[in-house]
Amino acid sequence: MIEISGLSKTFGLGANAFTALDDINVEIRQNEFFTLLGPSGCGKTTLLRSIAGFVDPTSGSLTIEGQDVLPLPPYARPVNTVFQNYALFPHMTVAQNIGFGLEMQDRPKAEIKQVVGEMLELVQMAPMADRMTSQISGGQQQRVALARALAPRPKVLLLDEPLSALDFKLRKEMQIELKRLQSETGITFVFVTHDQEEALTMSDRIAVMSSGRILQIGGPKDIYDHPAERFVADFIGDTNFLEATLQSVAGEVATVTLPSGKTVAARAVQGGGQSGAVTLAVRPEHAVLTKESGLLDGVLENIVYFGTDTHYHITLDGGSAFVVRKQNQPNTGEGFEVGDKVGVSFEAGVGQVLRD
Amino acid sequence: MAKSRAFDVRRQTGFVPIALLCFLVLYLPIILLVVYSFNKGESIAIWEGFSWQWYVKAWQNEKVQDATILSLIIATSASLIATSAAVMAALATTRTRGFRGYTFVFALINQPLMIPEIVTAVALLIFFAMIKVATGYTGLMYLIIAHSAFCIPFAYMPIRARLQGMDLNLEQAGADLYGTPWRVFRRVTLPQLWPGVLAGSMLAFVISLDDVVITEFVKSAGQDTLPTYMLGQMRRVITPEVNAISTALLAISVALVIAFYLLSKGGTQTNRE
């Protein structure tokens with residue numbers, strides 16, 4: 001569908017040069033909800049704008065359905081964008097906004113009218129068709145921006161943090177709405193966000209970006225359970241990092257020795273070494289706390305109650321910190337108290353060896 | 001708000017009297033001018049009772065009529081030409097990537113604001129004289145070209161301000177939705193820009209209507225605009241007819257300034273119904 005290879009973008013020259021995109025290689029599939037996730041300044045918006053045609057990459061190639069689109073101006077590319085601030089035309093009504101793309105394509109009037117009607121239905125804005133865009137709420141503007149971008153039936157819809165301006169509840173609604181629209185229209189969505197939760201709940205696949213590079217591409221579960229790099233593990237969710245020693249690697253299974261001297265099976269990382277010092281990532285909810293000695297031993301330093309779950313902060317023997325998260329059950333006094341000597345364990349294959 | 005009061009300029013000694021004095025100096029002569037335009041007698045300084053006669057006289061004066069028509073022709077043409085040029089200049093200085101010599105171009109556009117008008121006038125006189133000798137043409141175009149030129153910066157300012165305040169994303173959205181650059185300009189940029197264009201053209205119109213120095217230097221024989229006609233009259237006998245014409249000009253200017261204000265105010269709300 002979209003094939004990007006070796007794509008780089010450098011802004012400025014000489015000492016002021018800034019590399020926004022550094023050798024990006026990614027293939028986005030037909031009818032996929034693909035998310036570019038990363039902190040601000042990681043290059044995700046530059047990548048999106050390169051696809052839209054607003055940024056001229058310094059090198060590399062970008063094809064959509066086999067067609068090289070880099071020489072094409074934005075108006076000749078089969079993609080539409082939902083802008084972060086919506087960018088609705090303030091001098092036009094809701095219906096005129098939605099019909100703008102079709103009008104620019106010189107479609108017949110009857111067809112424009114019909115498609116605009118369908119789009120208004122699709123985003124549930126039909127009663128507002130003749131309002132000016134300043135007379136509707138933020139959430140409604142969001143829907144109009146979506147409808148306007150979907151109306152010309154682009155091959156790809158680009159979404160630039162479209163939910164960031166909405167309040168929490170509306171954002172949750174729109175997340176579900178976006179998923180529905182994507183499956184109903186069958187259009188490939190490329191979605192940019194810095195919100196890891198948004199990325200995990202909506203995406204078919206996620207590309208995690210940092211400093212202009214894609215660090216890891218995978219499904220939400222894959223990315224969350226098996227982060228390949230420290231940055232990914234740290235950026236998405238909470239993680240415990242353990243300094244361990246890699247003994248051997250057999251396929252996906254790595255055998256590591258923990259600081260406590262105990263040995264456990266963990267998941268190997270692609271392209272990692274075969275032995276030596278490594279970092280092991282363990283999610284707080286993947287570990288269990290015991291009163292007996294475990295894989296690791298330590299002292300319970302703090303207990304933080306979060307309603308749905310409780311975080312146990314442990315100082316391991318040797319001084320490093322470790323957090324165990326446990327979902328709260330009704331009427332169970334856990335019986336742990338600050339100052340207790342506790343053990344921490346996790347099952348074989350739960351820990352993830354990171355690429356350093 | 002005790003804190004902000006410490007910096008309140010109205011609390012400075014003498015602020016109110018000085019402000020009042022300034023307004024008095026600015027507006028008292030104008031008020032007197034308007035009042036004496038209704039004078040019954042021939043004097044512009046001795047009040048002899050109310051009458052419309054000077055307005056009637058001015059209205060019936062063929063020379064005033066000719067000068068008025070000429071002024072309107074020149075001001076309208078100059079305003080149209082200057083506004084078109086200003087729109088293009090504003091687009092070039094806000095919608096392009098920063099280019100070498102940007103500051104220089106900016107200074108060039110605003111040149112007529114900074115160079116003494118008398119210099120421009122003399123330069124134009126000499127330049128046009130050369131063309132007159134070469135071509136023998138003595139028509140209105142000299143005045144229209146001269147007025148267009150010095151009106152450009154006045155038309156440029158409000159248009160540029162409007163363009164700078166405009167959301168760049170709108171034009172990108174237009175391009176993203178298959179609009180070619182020209183169609184995006186027609187359907188997205190220009191409707192957004194419209195208040196600025198109107199304001200700029202009105203400003204240019206008033207500036208042209210009011211000009212004396214350059215007109216006086218550039219005009220050929222018999223080409224009197226309203227201001228140069230009035231100047232000519234002042235050299236002979238001053239009657240309240242001049243007051244009447246001035247008052248009429250003042251009324252037009254005030255009307256345009258109010259319209260300008262309303263338009264630029266309406267411009268901050270991006271939406272019209």
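A residue is called exposed when its relative accessible area is over 50%, and buried when that area is under 20%. I keep this definition at the head of my notes, and I record that the model is predicted.

**Entry 1: chain A as a whole**

I began with the overall make-up of chain A, which has eight helices and 20 strands. I then looked up the extent of its C-alpha trace, which spans about 75 × 50 × 40 Å along the principal axes. Of the 356 residues in chain A, 52% are buried. The chain exposes about 15,600 Å², and carbon and sulfur atoms supply 50% of that area. Among contacts in chain A with a separation of 6 or more, 67% are between residues 24 or more positions apart.

**Entry 2: helix H3 of chain A**

I next turned to helix H3 of chain A, residues 109-122.

Which residues of H3(A) are buried? I found A:Ile112, A:Val115, A:Val116, A:Met119, A:Leu120 and A:Leu122. Seen down the helix axis, these buried residues fall within an arc of 155°, and therefore they line one face of H3(A). On the other side of the helix I noted that A:Ala110, A:Lys113 and A:Glu121 are exposed.

I also asked what covers the buried residues of H3(A). The cover includes three helices of chain A, namely H2 (94-104), H4 (138-150) and H5 (168-185). After H3(A) comes A:Gln124, which has a positive phi, near 55°.

**Entry 3: A:His226**

I located A:His226 in the loop between helix H7 (220-225) and helix H8 (230-235) of chain A. Is A:His226 buried or exposed? Its relative accessible area is 18%, and the cut-off for buried is under 20%, so A:His226 counts as buried.

Leaving aside neighbours within four places in sequence, I listed the contacts of A:His226 as A:Gln216, A:Lys221, A:Arg267 and A:Gln352. I also checked A:His226 against A:Ile64: the two are 162 residues apart in sequence and 30 Å apart in space, C-alpha to C-alpha.

**Entry 4: a helix pair in chain B**

Lastly, I examined helix H4 (residues 62-94) and helix H12 (residues 226-235) of chain B, which pack at an angle of about 145° with their axes 8 Å apart. H4(B) contributes B:Lys63, B:Val64, B:Ala67, B:Thr68 and B:Ser71 to the contact, while H12(B) contributes B:Leu226, B:Pro227 and B:Tyr229. By class, I recorded five nonpolar, two polar and one charged residues in this contact.

Technical notes
Residues numbered from 1 in each chain as written. Chains lettered and ligands numbered in written order. Predicted model: local features only at pLDDT ≥ 70, side-chain atom pairs only at ≥ 80, totals over all residues. Heavy atoms only, no water. Axes fitted to C-alpha atoms, helices over the stretch in contact; angles between N-to-C directions. Helix = DSSP H or I, 4+ residues; strand = E, 2+ residues; numbered from the N terminus. Contact = heavy atoms within 4.5 Å. Nonpolar A, V, L, I, M, F, W, Y, C, P; charged D, E, K, R; others polar. Expected span 1.5 Å × (residues − 1). Buried < 20%, exposed > 50% of the residue type's maximum accessible area, 1.4 Å probe, protein only. Arc of directions from axis to C-beta. Areas by Shrake-Rupley, 256 points an atom, 1.4 Å probe, with all protein chains shown as cover.
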